[in-house]
Amino acid sequence: MIEIKNKANCTGCTACASICPKNAIKMVANEEGFRYPVIDKEKCINCNLCSKVCPMLKQYNIDEKELKFYAAYNKNTKIKNESTSGGFVTALAEKIIDSNGVVYGAAFDKDFNVIHCGVKNKEDLSKFRSSKYVQSEIGHCFTNVKHHLDIGQKVLFTGTPCQIAGLYAYLKKDYDNLFTQDLICHGSPSPKIWRIYIEEREK
């Protein structure tokens, strides 16, 4: 059973909740609005899968190979202007969709909550553009991604480094049809702070 004594050691990536075979783990917001795993001990069977997939508890081997870096931007001026960092993600996402793939990213729902979701149409990629400075709700995205991968579809998953680390930990193996793209992140505000901001703007 996963145990978080120091909240700073949990990023809320949801890998533990996604892997639980008994659905015994729920992501519950604390007093500051950040989501942390809460375990229903009556449902828990002590399989310890939650602890095994936690990217904060997992030991990684550091690959020391030399990295290559590239700079890119979207040639479509409209897309580039609507995007935060040149619109490269849209160009990459379009390639995935052209191959009958699925793209996952952060979007606003009808109430301006930030959620992760998947799209299969180029027209829907616009919802992923622009920065969203708040912790997004992953929901069932990890299990949905695994389904797409297992049936052979290509998947592009964009998110914070913590979310992508959680996805890889949850999957437990490499997939040739999985592509991930993270962003440089210094931490994200809580959804509670975001709601307070929206309420002030509405007034």
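Is Cys162 buried, partly exposed or exposed? Select Cys162: its relative accessibility is 33%, so Cys162 counts as partly exposed. The cut-offs are simple: buried means under 20% relative accessible area, exposed means over 50%, and partly exposed lies in between (1.4 Å probe, protein chains only).

Before moving on, note that this is a predicted model, in which local features need pLDDT of at least 70 and side-chain atom pairs count only at pLDDT 80 or more, while totals for chains, interfaces and linings use all residues. Residues are numbered from 1 along each chain as its sequence is written, and side-chain values use heavy atoms, with hydrogens and water left out.

**Stop 1: the cysteines**

A disulfide is a covalent bond between the sulfur atoms of two cysteines. Here it is counted when two cysteine sulfur atoms lie within 2.5 Å. How many disulfides does a search of the whole structure find? It finds zero. Now select Cys117, which is in no disulfide; its nearest cysteine sulfur belongs to Cys141, 6.8 Å away. Cys117 counts as buried, at 18% relative accessibility.

**Stop 2: helix α5**

Helices (H or I, at least four residues) and strands (E, at least two) are DSSP runs, numbered from the N terminus. Select residues 141-150, which form helix α5. Which residues of α5 are buried? They are Cys141, Phe142, Val145, His148 and Leu149. These residues cover an arc of only 120° around the axis, which puts them on the same side of α5. The arc is taken from the directions from the helix axis to the C-beta atoms. An α-helix has 3.6 residues a turn, so residues three or four places apart point the same way.

Show what covers that buried side. The cover includes α1 (15-19), β3 (102-108), β4 (114-119), β5 (155-159), α6 (161-171) and β6 (178-182). Contact means heavy atoms within 4.5 Å.

Step past the end of the helix. Just after α5, Gly152 takes a positive phi of about 95°. Ile151 lies in the loop between α5 and β5. Ile151 is exposed, with a relative accessible area of 52%. Now draw a distance from Ile151 to Arg195: the two are 44 residues apart in sequence and 38 Å apart in space, C-alpha to C-alpha.

**Stop 3: helix α6**

Select α6. Its buried residues are Gln163, Ile164, Gly166, Leu167, Ala169, Tyr170 and Leu171. Among the elements that cover them are α1, α2 (49-53) and α5. Next comes Lys172, in the loop between α6 and β6. Its phi is near 65°, a positive value in a residue other than glycine. Lys172 counts as exposed, at 57% relative accessibility.

Compare Phe112, in the loop between β3 and β4. Phe112 also has a positive phi, of about 65°, although it is not a glycine. Phe112 is partly exposed, with a relative accessible area of 48%.

**Stop 4: a buried serine**

Select Ser190, in the loop between β6 and α7 (191-202). Ser190 counts as buried, at 2% relative accessibility. Leaving out residues up to four places away in sequence, Ser190 touches Glu32, Gly33, Phe34 and Val134.

**Stop 5: the cavities**

On a 1 Å grid over the protein atoms alone, a cavity is a set of points where a 1.4 Å probe fits but cannot get out; a pocket is an open set with protein on both sides within 12 Å along at least five of seven lines; lining residues have an atom within 4 Å of a point. Grid points are joined across faces, edges and corners, and a volume is the space filled by probe spheres set on the points.

The structure holds two cavities of 30 Å³ or more. Of its 15 lining residues, Cys10, Cys13, Cys16, Cys54 and Pro55 are the closest to its centre. The second largest cavity holds about 80 Å³. Its lining has 13 residues, and Cys20, Ile25, Cys44, Cys47 and Cys50 are the closest to its centre.

**Last stop: a pocket**

Finish at the second largest pocket, with a volume of about 370 Å³. Select Ala17, Ile25, Met27, Gly139 and His140, which lie nearest its centre among 17 lining residues. β1 gives the most to this lining, with three residues.
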